[in-house]
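Welcome! Here is a short tour to read with the sequence and the structure side by side.

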Amino acid sequence: MNGRGELKDERARRARFGRRALAGFAIMLALVMVVAGRFVYLQVYEHADYSTRAKANRVRLRHLAPPRGLVYDREGKLLADNVPAFRLDVVPDQVKHMDAMLQRLSAVVPLTDDDIRRFMQSLKQHRSFESVPLKFRLTESERDRFAIDQWQFPGVSIAPYLTRNYPYGPEFAHVIGYVGRIDDKELQHIDPDKYAGTTHIGKTGIEKEYEDLLHGTPGYEVVEVNANQRPLRVLQQVAAKPGKNLYLTIDERLQKAAIDAFAGQTGAAVVIDPRNGDVLAMVTVPSFDPNLFVNGISQTDYTALLDDEEKPLLNRAMRGGYPPGSTIKPFLGLGGLELGLRKTTDTVLSTGTWYIPGSSRGYRDDTRYGAGNVNLVQAITQSVNTYFYSLAYKMGITKFDEWMAKFGFGSPTGIDLPDETGGVLPAPEWKRKTFNKPWYPGETVIAGIGQGYWMVTPLQMAHALATLSGGGLSHTPHLLTATSDGLGKPEVAYKQPVPVQITHDPADLEAVKQGMLGVVYNPAGTAYAAGIGKGFPYLIAGKTGTAERYSRTSEAYNTNKNLAYLAARHRAWFIAYAPADHPQIAIAVVLEHGAWGGSAAAPIARKILDQWLADTPPSQRPPVPLTAVATPPAASAPTTP
Amino acid sequence: MNDFALTLAARAFRIGRRVFSRPRIDLPLSIGLLILAMMGLTVLYSASNLDAGTLAGQATRFLIGAVLMIAISRIPPNLLRAWTPWFYVIGVLLLVVVKVLGEGQGANRWLDIGVVRFQPSELMKLAMPMMIAWYLHPRPLPPRWRDLLVTGVLIAIPAFLIFKQPDLGTALLVAASGLFVLFLAGLQWWKIGAAIVALAAAAPIALHFMHGYQRQRIVTFLHPESDPLGSGWHILQSMIAVGSGGVLGKGFNQGTQSKLEFLPEHTTDFIFAVLGEEFGLIGVLVLLAVYAFIVGRCLWIAANARDTWSRLVAGAFALAFMVYVIVNGGMIAGLLPVVGVPLPLVSYGGTSAITLLAGFGVVMSIHAHRKWTP
C-alpha cells in the first residue's frame with residue numbers, strides 16, 4: 001500500500017471512529033438520562049412517601065439462625081441434638097465503659113480470660129448496635145444471679161439459644177465430630193449472608209463434612225425499635241429453615257459393644273457391611289468428650305487432652321497408620337492366584353528361613369524349623385512367611401503395588417469424613433520421593449508379610465476385607481444414608497459410586513476363604529487357641545496380624561516370650577468376616593499394645609460379632625448351616641506338617 | 001552510600017523534575033477530575049461518620065493516583081502501546097495468583113503484598129481496553145471474524161478468572177471495557193445486534209454456572225419478595241435514602257439512613273445513596289453532569305488522537321467509565337440488581353481510584369502527543 005492509500009485509510013478510520021464515538025456517547029447519555037429520570041422519580045414524585053418512611057424508619061432487620069440438623073444412627077437413635085440453653089449477650093452501643101463493665105460483671109457471672117478474649121474478637125465482626133455473645137451455656141445459678149443484678153448492666157441481657165449436644169459423648173467423637181465457634185479463618189470462606197446470626201460451624205467429622213446440609217437457611221424478622229434501638233415489636237417474620245437431619249449407617253449398639261470390647265486398651269476397630277460399604281461402627285479408643293469443644297474448650301481441658309500419652313484426639317480409625325503385618329497375606333495370596341503366578345495346589349517348602357535366590361540374606365519364618373511343604377490354604381491358616389516372601393519376590397514390587405492398590409491400600413478410601421489419611425503402600429517411587437533412596441529387593445520380600453514401609457489405617461483394612469469378602473466387589477465406605485426435613489420422610493441422600501469388580505475367578509476367592517476359615521477352626525490356625533469360633537452359629541473367616549512396631553535389632557531369635565514385653569513392641573491385628581458363606585459384616589481390629597493378633601485382638605472381633613448376631617433379626621440373616629457349629633470345615637482343613 | 005546509588009538518585013531526580021515541571025495534563029479534564037474528587041471526598045467524609053482517617057486514606061490514594069497520572073501523561077503513546085501486552089499478561093497472572101492464594105471476605109479478590117492490599121481485577125479495567133486496542137490497531141477495521149475470535153478469547157480469559165473469584169459485576173464490566181473497543185473499531189451493527197440476541201438466549205445457561213448467591217441476587221432483583229437474606233432490604237433502604245433526600249437533600253452529615261446504619265456498605269458500593277440523601281436531586285444531577293463532562297472530554301480527545309490504538313483506548317476507557325457510573329447509579333436507584341460495583345472516584349477504595357487515575361493519565365498522554373508523528 002502506498003503512502004496515499006494509508007492516509008486515505010487513516011482518514012476513513014478516523015471518520016468511522018468519530019461516528020462510533022458519537023453513537024457511544026449518545027447511548028451513554030441516554031442511559032444516564034434513564035438513571036437521572038429514576039432519581040427524579042424517587043426524589044421528586046415519591047419524595048413525600050420515602051420521607052415518611054425514613055422518619056418512621058424504626059425497623060431493623062434481625063437475622064434468625066436456623067436450627068442445625070440432627071444426626072441419627074441407622075436405628076434412629078439421636079447422636080447429635082440441639083438443646084435449649086442461655087447465653088449472655090452484649091450490645092456494645094449501650095455499654096459506656098466496656099472494660100469496667102466486664103470487670104464488674106465477672107463478679108456476678110464468672111468470666112474466664114478465654115471468654116473475654118473471644119468476645120473482644122467478635123466485637124470487631126459486628127456492628128455496634130448488634131448484640132454480641134459473651135458467655136455461652138450459663139448455669140442455672142449464673143442465670144439467677146445475673147437476673148437479680150441485671151439493672152446494673154444496661155446493654156447486657158440473657159438470650160435463649162439452641163446449643164449442640166452429643167448425648168453419647170466420647171462414643172462418637174471421632175465420627176460425628178463437633179461444632180465450635182466460627183473463627184476468623186472460617187469467616188473468610190463462608191457466605192456472610194448464610195451465616196448471619198449463626199455462631200457455630202462444623203469443625204470435624206460428620207459435622208464438618210455435611211456442614212452444608214446441616215446448616216439450613218437463616219430467616220429474619222423485621223423488628224420495630226424505639227429511639228434507643230430497643231426492639232418493641234416484630235412486624236414481619238420469615239422463619240429460618242432448619243438444616244437437614246442426617247441418618248447414618250452407624251449402628252450405635254455395635255459401636256458401644258466394640259468400645260466395651262476394647263476394655264480401655266488403645267486401638268481402633270472399623271466394621272463395614274461388605275454388601276454395600278455401609279460403615280456400621282468406627283471406633284477409636286481412647287476418645288474424648290466432644291461436648292467440651294462446643295462452646296469453647298477451656299485451656300486446662302485442652303492441655304490435658306493434648307498431653308495424654310494415648311492421644312485421645314487422634315482419630316485412629318482413619319488417621320492412625322499401622323503396619324498391617326500378616327493380615328496382608330490373604331490379599332497377597334489372592335493376587336498370586338489372580339495374576340496366574342501360583343495355583344491353589346502349588347506348594348512352597350518352608351524351612352525356617354527363606355533366601356532371595358543368589359543371596360545369603362535370610363528372611364525368617366515364625367516357627368524355627370519351618371512348616372514344611374504348604375499350599376495357599378495352609379499358608380494363610382498358619383501364616384507361613386516363606387510362602388509369601390517367595391510370592392512377593394516372584395510378583396515384583398510393581399505388580400505387587402498395582403494389586404494392593406486395587407484394594408485401596410496406599411490411598412484414602414473416600415469415606416464421607418474430612419481429613420482421612422491414605423497410609424503408605426511401599427513403592428520404589430514413594431521411597432525415592434520420601435527418603436531419596438533406591439529400592440532394594442529385600443524390601444519387596446518383607447512387604448509380602450506386611451512389614452517395612454507399610455502403613456494401613458483400620459478403615460482401609462476393613463474396606464479391603466469388605467472387598468475381599470464381598471466377592472471382590474469394591475464399594476466406597478460411607479456413613480450417610482438418608483436426609484430428612486424435620487417431620488418429612490427420609491430421602492436417600494447417598495449415591496454409592498458404581499462398585500468396581502477387582503477379581504476374576506470366584507474359585508480364587510474360595511481358596512482364600514478356606515485359608516481364613518482355617519485360621520479360626522483348624523487346630524494349626526493362628527487364632528484357633530483364642531476359640532473365637534466356639535458357640536457362634538455361623539462360620540467366621542479371619543486372619544491374624546502381629547506387626548512389629550520397631551524392627552529387631554539383632555539377627556538372633558528373641559526368646560523373650562513375656563507378654564507384657566511383646567505387647568510393648570507389637571501391634572496386634574485381627575480381621576474377620578461372617579457369615580463366611582454369605583458375608584454381612586467385615587471387621588478390622590487393631591490394638592496398639594497387643595502381644596499377638598490371635599490372642600489379644602481376635603476376642604474383640606468375636607464380641608462385635610456377638611452383638612451383630614443379637615441385633616440382626618433371624619429374618620435378615622442367612623439360614624444357619626446346621627453342620628457349622630458341630631463340625632468345623634475339616635474337609636478343607638490342611639494337615640499340619 | 002556509594003557513588004552508583006548517588007548517580008542513580010540524581011538521575012531519578014532529574015527525570016522527575018523534567019516530568020513534573022512541564023506536565024502535559026489536559027486542563028479541562030483535570031478540572032473535571034478535581035471537582036469529582038472534591039465531591040467524592042466530601043460525601044465520603046460524611047458517609048464515614050466524619051472519620052478523618054478514612055478521609056486522609058482516600059486523599060492519599062488520590063494523590064498517589066494524581067502523581068501516577070501526571071507521570072503517565074509524559075510517556076508517549078507509542079511506548080504505552082508497546083508495553084500493553086506485558087501489562088495485560090501481568091494483570092492475568094495476578095488474577096491467577098489471587099485465585100490461588102488470595103484472601104478476602106467470602107470471595108478471593110484481594111492480593112496482599114505486605115504494605116498494600118489491592119484488587120488485580122481493578123487493574124484489568126485499564127489493561128483490557130489497552131490490550132484489545134493493541135491487538136486490533138495494525139489489523140484491518142472493522143475487525144474480521146478471525147480477529148473477533150482472538151479478541152473474544154483475550155476478553156474471556158480475565159473475565160472468567162474474575163467471575164470465578166467470584167465477582168460477577170466486575171467480570172461483566174471488565175468484559176464490557178473490551179467489547180467497547182470492538183464497538184469503537186466499527187464492528188458492524190448487525191453483528192452487535194446478533195451478539196445481543198445470542199447473549200439473551202444464553203442467559204439461562206449462564207445462570208446455571210453462577211454461584212448460589214449470585215443467582216440468588218438476580219432472583220432477588222426480579223422477585224424482591226422472595227428474598228431470604230435481605231438483599232432486597234438493601235435496595236429498599238437505598239431507595240428510602242435517595243427518595244427521602246428530595247430535591248435539596250437533608251444537608252451534609254444529616255442523612256439518617258446512613259447515620260443509623262440502615263444503609264449497607266455506605267462508604268463503598270452504596271455511597272451514591274448517601275449523596276442522594278444528603279445533597280438531594282441537585283447533588284445527583286451535578287455529579288452525573290460532571291461524569292458526563294469527563295467522559296465527553298475523553299471522547300473528544302479520542303476523536304482527535306493521532307493513531308488507531310490511541311483512539312480506541314481513550315474511547316473505550318471513557319465509555320467503560322460511564323458504564324460504571326450508570327451501573328452503580330442504577331443499583332442505588334433500584335433499577336439493577338446489587339452487583340457490588342463501586343462509584344468511580346467517589347467510593348472508598350484504593351485500587352479502583354489509582355487505576356482510574358492512571359487510565360486518565362493514558363488519555364492525557366494521548367492528548368498531549370496528538371500532533372507528534374509516530
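Why does A:Y389 count as buried? A:Y389 counts as buried because it has 26 C-beta neighbours inside 10 Å; the label buried asks for 20 or more other C-beta atoms within 10 Å, exposed means 12 or fewer, partly exposed lies in between, and C-beta atoms are placed from the backbone. Please keep in mind that this is a predicted model, where local features need pLDDT of at least 70, side-chain atom pairs count only at pLDDT 80 or more, and totals for chains, interfaces and linings use all residues. Residues are numbered from 1 along each chain as its sequence is written, while chains are lettered from A and ligands numbered from 1 in the order in which they are written.

**Around A:Y389**
- You can find A:Y389 in helix 16 (residues 385–406) of chain A; helices (H or I, at least four residues) and strands (E, at least two) are DSSP runs, numbered from the N terminus.
- Leaving out residues up to four places away in sequence, A:Y389 touches A:W354, A:Y363, A:V445, A:G448 and A:I449, where contact means C-beta atoms, placed from the backbone, within 7 Å.
- A:T444 is 55 residues away from A:Y389 along the chain, yet their C-alpha atoms are separated by 8.2 Å.

- After helix 17 of chain A comes A:N436, with a positive phi near 55°.

**Where the chains meet**
- Chain A brings 40 residues to the contact and chain B brings 46 residues.
- On the side of chain A that touches chain B, helix 1 (3–45) and helix 2 (47–55) of chain A are the elements that give two or more residues.
- Helix 1 of chain A gives the most to that side, with 20 residues.
- By class, this side of chain A has 22 nonpolar, eight polar and ten charged residues; Ala, Val, Leu, Ile, Met, Phe, Trp, Tyr, Cys and Pro count as nonpolar, Asp, Glu, Lys and Arg as charged, and the others, Gly among them, as polar.

**How confident is the predictor?**
- The complex gets an ipTM of 0.88 and a pTM of 0.64 from the predictor.
- Chain B averages a pLDDT of 83, and 84% of its residues score at least 70; pLDDT is the predictor's confidence in each residue, from 0 to 100.
- Within chain B, confidence is lowest in strand 1 (residues 111–113), at a mean of 57, and highest in helix 12 (residues 271–303), at 94.
- Where pLDDT is low, the predicted coordinates should not be read in detail.

Notes: Two residues are in contact if their C-beta atoms, placed from the backbone, lie within 7 Å.
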